[in-house]
Amino acid sequence: MFKKQTIVIQDIIKLGLLAGLISLSMSVIGFIALLGERELIQNVISMGHVFLLAPPIALAYISAEKVLSQSKVKATLFGLLLGIITALPLVILVILASSFDIRQFLVNVSPELIELLTFGQGIFLGSVILLLVSGVAGLLAAGLRTLPDDFREPIITGLAWVFLFGLFSEILLGRLRSIFGRGLTKLIFSGKALNPLFTVFLFIVVAALRYWSKRRRLQAEERGESISPERQQRYQRIRIVLGVVTLLLMPLILGTYLSEVMNNVGLYILMGLGLNIVVGFAGLLDLGYVAFFAIGAYIMGILTSEGQLGLGFTFWTALPFTVIGSTLFGIILGIPVLRMRGDYLAIVTLGFGEIIRILALSDMLKPFIGGAQGVLQIPKPSIFGFDLVKPEYLYYIILIGVLLAWFISWRLRDSRLGRQWMAMREDEDVAEAMGINLVNTKLLAFATGAAFSGLSGGIFASKLTSIFPHSFNLIVSINVLSLIIVGGIGSLPGVVVGALILVGLPELLREFAEHRMLMYGALLIVMMLARPEGFWPSETIKRELHAHEELEMGSD
Amino acid sequence: MLRRLQDVNVLDLVLWVFRAVIIVIVVWGTIATLIENPYPAQTWTETIVAGIAQGSLYALIAIGYTLVYGVLFMINFAHGEFFMSGIMTATIFLAQPMSETGFLDNYPVLSLLLITIVTMTVSVAIALLTERVAYRPLRKAPRLVPLITAIGASFFWQYFFRGLYGSEVKPFPQLASLAGKVSLGGIVILKTHIVVIVAAILMLIGLYGFVMRTKTGKSIRAVAENKDVAALMGIDVDRAVSITFAVGASMAGIAGVLYAIVFRQVHFFMGFIPGIKAFTAAVLGGIGSIPGAALGGLFLGMFESVGPGLFLEGLGIPAPHQLKDVIAFTMLVLVLIFRPQGILGERLAEEKA
């Protein structure tokens, strides 16, 4: 649809209806009403309205780009039209909801939603306002696109900052209050929403800074200044030191709740690094990855539990067994699937994941691993008799695990084994013809992946102090797969980025947690359509994409 | 002799041991159960009929996997959601209000017809939308990519319908005329099971006729054979693929109605496990083959229903019915290891496996 060079009025109508349907879908599944409970800027706009208007704004902005060459006025008016058309399906919903009880069919079309859609002004007036607001939003978005770059970029940056501040207001509020006291937070926030005055202030400061820094950069470029390699190196070193210090001091800055969130993110990073080896490096799509997480957790649980099932190990003595045990299972479950590829491998590994979960749940193994009651009374790790109870302390154990896994992945990636994996990923037959032993290579990938996942599971068991089969369902596998795809398949920083986005964000934005799986699904599709290499693509893939440029540089 | 031994691969050996262990477990369990004989004959016949009914459902869903795999060589992970979406919508908008007004019991045939039409329409619409948005743009991409979008689509639809209709289990009203059992030649069978089996057989025969006899069916088979050549012969490939999805989804829709009649409840998660099982059935019968899907579904349903009682009961495993999914998935693994072409499949080459 966007590939055409020009856009006529029929396209605008289609785009408007598309945006309308997206907004309508978000409304009827309850997403908008849930977000409507949060005000972004006090008495001005709620999160619900922002997300309701996001589709027309985005599409108007994109479509204006195509019309721009024809006429700026036309582009802006098209934005207005698009916005108005977007509101039509919503108006129909409002009318339907007011004429009969639609809620018996669609549970989420609540009075709150209708009030949000009509701005609390009744059916008729509200519908008119909705049409107008949506139209104006489209108009402004299209109008923004017609502005010259010098003004457009600062405005977008300013709006983005305001949005982010509002989005994370709850978490910012908590941290700022505990660090600076109540006085400062009162200036910024009223309730959980942003103070209108502060919003204007923030917008102006950010936009001005952005404008100024861009001007400066341009001037510097005109003068032909550039940073010398030595200075670059020094910057690099400073950055690394800063990064390490931040990582070490993180729990102090973040406090208990955020440390707990970081711990969850860390466990997922650990799993993601493991799956990254299996899927990203070796190209074996494993959908039953949660099996090894479960096995690690159960080994740790049974070895250390102080309950009836336990064997009385400590965390540190049980840890090696956890890793070795899950590695062994990685090999055992790897052997049957050695000959399978692609889709078949995916579905069989999914089957393995389910088998492990059902066995854990079954009465057959209940005397050994507790069945549906799970394993209880797992002690937290301790060092020299000091129990690491608080999330802030556990953070360091997870950090060590992540760094270790990162180091191993990083060293393996460019090793002989890593290159074998990648050769196998590109083409198994060719790799075999080149003398790569597929059996060993595949089993090593499964084993390494399982080891990381088992380690993660072990720490998970000890962190939660009790484990149940329900914690190890397929959704965990899908989460891990999603996060490495979103971050960038085969990329180590990508795993971290993916885990922060997919695991960290929903924890911070509780409104999103409710619709988390829906967004994962949509995100997987959108990523594959728009940016299959992920947010932080791996070096190899980047290099492949820019291969011709490097060739030109080499010939100089 | 020594030469032969050297040729035997370690991997093959391990796989043979694996197969032998499974066979020993199955044979041992069966003999032990038969000696113990814990159930009367009536229970066995009921289990077998229930297995056939369940297998018919799997067969209907498996058709969708087989057709799509035949045409695009991809596992349409979201197929279970096509199955779920139609019947969920029909239950909420039709079956429940009709049951409240008494329409359902007064005109059972008309109601069922209406429910089936709505179900099929919604399933087909969802399937066409998914194909258009998530699969068509990626037809030339590496095979991992559409598989990932399929997984995404599956979860997207599950949670979309959860948001739409709520997360609780929805009761599907019981039809008074389908309650109870009848005796057929001395065997007592649930009426709903008869409906399921008969409907499934009719649908499968109709589908086979459609694919084999009609011109549209011919175009689907041509596209499955070779997309490029089919395009050169003047076949609209995009249209053929869309029709394939629509046919598969309408079969899944009917399976949804039958599922609701038997189990009398619907749920947003109901499509996932039957979807995977149906895929297993398709693989078991030989993916790409319609009679294979039917046969595979039947086998899988039977194994699942009879298996826990027959194989596991004798081994002294408590509550063996909890493990019926384990049996299904183990069968999938066994089939893929030892006969990846399935029971009826013949042309599944290495490249597709």
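Modeller: Let's begin with A:Leu96, a residue of helix H4 of chain A in this predicted model. A:Leu96 counts as partly exposed, because 13 C-beta neighbours lie inside 10 Å, and a residue needs 20 or more to be buried. Its C-alpha atom is separated by 20 Å from that of A:Ala19, 77 residues apart along the chain.

H1(A) and H4(A), the latter spanning residues 72-99, pack at an angle of about 40° with their axes 8 Å apart. That angle makes H1(A) oblique to H4(A), and their crossing is right-handed. Sorted by class, the contact of H1(A) with H4(A) has 16 nonpolar and five polar residues, with no charged ones.

H1(A) also packs against helix H3 of chain A. The axes of H1(A), residues 9-28, and H3(A), residues 47-67, come within 8 Å and cross at roughly 160°. The two helices are therefore roughly antiparallel to each other. This crossing is right-handed. From H1(A), the residues that meet H3(A) are A:Ile12, A:Leu15, A:Leu18, A:Ala19, A:Ile22, A:Ser23 and A:Met26. Their partners in H3(A) are A:Phe51, A:Leu52, A:Pro55, A:Pro56, A:Leu59 and A:Ser63. The residues of this contact divide into eleven nonpolar and two polar, again with no charged ones.

Helix H12 (residues 290-304) and helix H13 (residues 315-334) of chain A have axes that come within 8 Å and cross at roughly 145°. The crossing of H12(A) and H13(A) is right-handed. H12(A) brings A:Ala291, A:Phe292, A:Ile295, A:Gly296, A:Ile299, A:Met300, A:Leu303 and A:Thr304 to the contact. H13(A) answers with residues including A:Phe315, A:Ala318, A:Phe321, A:Thr322 and A:Gly325. By class, the contact of H12(A) with H13(A) has eleven nonpolar, six polar and no charged residues.

Two other places in chain A deserve a stop. A:Arg425 lies in helix H17, residues 416-426, and is partly exposed, with 19 C-beta neighbours inside 10 Å. Leaving aside neighbours within four places in sequence, A:Arg425 is in contact with A:Phe281, A:Ala282 and A:Gly283. The C-alpha atoms of A:Arg425 and A:Phe100, 325 residues apart along the chain, are separated by 57 Å. The other place is A:Gln377, in the loop between helix H15 (366-369) and strand E5 (382-383). Most residues other than glycine have a negative phi. For A:Gln377, however, phi is near 55°, a positive value. A:Gln377 counts as partly exposed, with 14 C-beta neighbours inside 10 Å.

With 17 other C-beta atoms within 10 Å, B:Phe73 is partly exposed.

Where chains A and B touch, 42 residues of chain B are in contact with 42 residues of chain A. H2, H4, H7, H12 and H14 of chain B each supply at least two residues of the side that touches chain A. H7(B) gives the most, with 15 residues. By class, this side of chain B has 35 nonpolar, five polar and two charged residues.

Last, helix H9 of chain B, residues 215-225, has B:Ser219, B:Ile220, B:Val223 and B:Ala224 buried. Those four cover an arc of only 140° around the axis, which puts them on the same side of H9(B). B:Lys215 and B:Glu225, on the other side of H9(B), are exposed. The buried residues of H9(B) pack against H3, H8, H10 and H11 of chain B.

Key:
Residues numbered from 1 in each chain as written. Chains lettered and ligands numbered in written order. Predicted model: local features only at pLDDT ≥ 70, side-chain atom pairs only at ≥ 80, totals over all residues. Axes fitted to C-alpha atoms, helices over the stretch in contact; angles between N-to-C directions. Parallel < 35°, antiparallel > 145°, perpendicular 65-115°, else oblique. Left-handed = near helix turned anticlockwise from the far one by under 90°. Contact = placed C-beta atoms within 7 Å. Nonpolar A, V, L, I, M, F, W, Y, C, P; charged D, E, K, R; others polar. Buried ≥ 20, exposed ≤ 12 C-beta atoms within 10 Å, placed from the backbone. Arc of directions from axis to C-beta.
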